[in-house]
Amino acid sequence: MKKATTLLTVVGLVSMLLVGCGKNEGNNNKPEEQAQDGVTQVEFWHSLGGINGKAVDALVDSFNGTVGKEKKIRVTSVFQGNDVVEKLNLVAQADDTKNFPDVGLIYSGGIPGVLKMKQMVPVDDLYARGNVSVPKEDIELNFQRAFTYQNKMIGMPFNGSTILLYYNKDMFKEAGLDPAAPPQTIAEMAEAANKLKMVENDKVKRYGLNTELRRYHLANWIGGQGEYNFFGDNEGGRAGLMTKVTFGEDGSLEKFLREWKKVVDSGAYKEKEDNINEEFATELFGMAVMSTARIETIKSLTAGKFEFGVADLPKVDAADTGGTSVGGGSLVAFDRGDEKKVDAAWEFIQYAVSPDTQLVFHKSTGYIPVNKKIYELSEMQEHLKANPEYKIAIDQLHRSHVNVQEPFDIINWEIDEIIRTKMLEFAQGKVSVEEAVKEITQQANEKLEAYVRANG
């Protein structure tokens, strides 16, 4: 009896949470508006708010008014807060298939969480069903790899991003630095930061660099070493369950930290992020390491104040060729026991990654397109000429090795907190290179071992 009561409680909690979140963003596509005979209803959960959320709703409206109208499919977009996987876990624990969405926006770190859900339908299985309007070969290989587990693509890449160096070109000129030649290595970044620094009454008035190092940053600086490098065993969790981090034993973390110490020792480094976008715009520092998703925000905040530039992420070593990893999310389909809904979801997923749709979505949000065919469109070519920041980001990804990816480290939020805490301590001189390597590696592996023990 107790078990049944617990299950009912979970189901009730699921219903309250899902209904509540669906109303947060004021979407135009509400479920109650969609009781039309002969129309297949598709529910789409996402975690994009603000301008990006409006772009998602516009995409859904466009589908509903074109392909959806023709094929009698109507998609409802439902904002589910910051973490769709968290909500999916609730319905999965209750084994409540009817309350699953038909499509969910899942980020790379969330893929391990959906693998165990029996309702999940891998994209490769959708391709096997036929009815293909966007061939798999049209999707960028680096994006395919980002959402592939054991050689099977789980999610369809949708909203892509990568990591860049942002810098104040006017400040570079003032400091005697060439704004056309931004730092290419961490060591060069440390030197530039030192020149950008301004000290007044023995206090730093202007920093050279602000970046609070987390898992996301480390995944890029570990992954980009050499030709490519993995964050953990089993190819960073893509060939099988990731059971340990390997950056401690292969020397890549130590190599990074020895270079990063040059940044710390410059005295020009602000190690905590407060309001990084606004502080960059008010010239509290001259450089920052951020996602491409911030380009439009930085443009807006700096307009009329100074000229900013973006550049490839500085390398750990000048000889490294690995490049950077893919950020962003993918569209994952779920089977709620209705084949028509799965087919309808597949129609919507392909529409969302078609070249024309990706062009509109890219221009609305700044996310990097996932479909290679978009570069054949004259409108995209003109857009890149007018917005060279995006071309820099896209070119960087095109040069990056397909194996440089964020790890499938299933407890990513815990590993992120370990890295964030220890990197702050390192920047504050509380731990040495050797101590940081040992403690990050040991603590991350303890968390991973505990997860493996609990889950098999």
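## Salt bridges and positive phi angles in a predicted model

Asn201 is placed in the loop between strand S9 (198–200) and strand S10 (203–210), where helices (H or I, at least four residues) and strands (E, at least two) are DSSP runs numbered from the N terminus. The structure is a predicted model, in which local features need pLDDT of at least 70 and side-chain atom pairs count only at pLDDT 80 or more, while totals for chains, interfaces and linings use all residues. Residues are numbered from 1 along each chain as its sequence is written, and side-chain values use heavy atoms, with hydrogens and water left out.

Asn201 is a residue other than glycine, and its phi has a positive value near 55°. Asn201 is also exposed, with a relative accessible area of 71%; here buried means under 20% relative accessible area, exposed over 50%, and partly exposed in between (1.4 Å probe, protein chains only). Lys72, likewise not a glycine, has a positive phi of about 60°. Lys72 belongs to the loop between helix H3 (67–71) and strand S2 (73–79).

Side chains of opposite charge can pair when their charged atoms come close. A salt bridge is defined as a side-chain nitrogen of Lys or Arg within 4 Å of a carboxyl oxygen of Asp or Glu. By this rule the model has 34 salt bridges. The table presents examples.

| Salt bridge | N to O distance |
|---|---|
| Arg336 – Asp102 | 2.9 Å |
| Glu382 – Lys385 | 3.7 Å |
| Glu414 – Lys447 | 3.5 Å |

The salt bridge between Arg336 and Asp102, at 2.9 Å, links distant parts of the chain, 234 residues apart. Arg336 lies in the loop between strand S14 (327–334) and helix H15 (339–352), and Asp102 in the loop between helix H4 (84–93) and strand S3 (103–107). Arg336 is partly exposed, with a relative accessible area of 25%, whereas Asp102 is buried at 1%.

Glu382 and Lys385 are 3 residues apart in helix H17 (residues 378–386), and therefore about one helical turn separates them. Glu382 is partly exposed at 48% relative accessibility, and Lys385 is exposed at 65%.

The pair of Glu414 and Lys447, with N and O 3.5 Å apart, ties together parts that are 33 residues apart in sequence, because Glu414 lies in helix H19 (residues 412–427) and Lys447 in helix H20 (residues 433–455). Glu414 is partly exposed, with a relative accessible area of 25%, and Lys447 is partly exposed at 38% relative accessibility.
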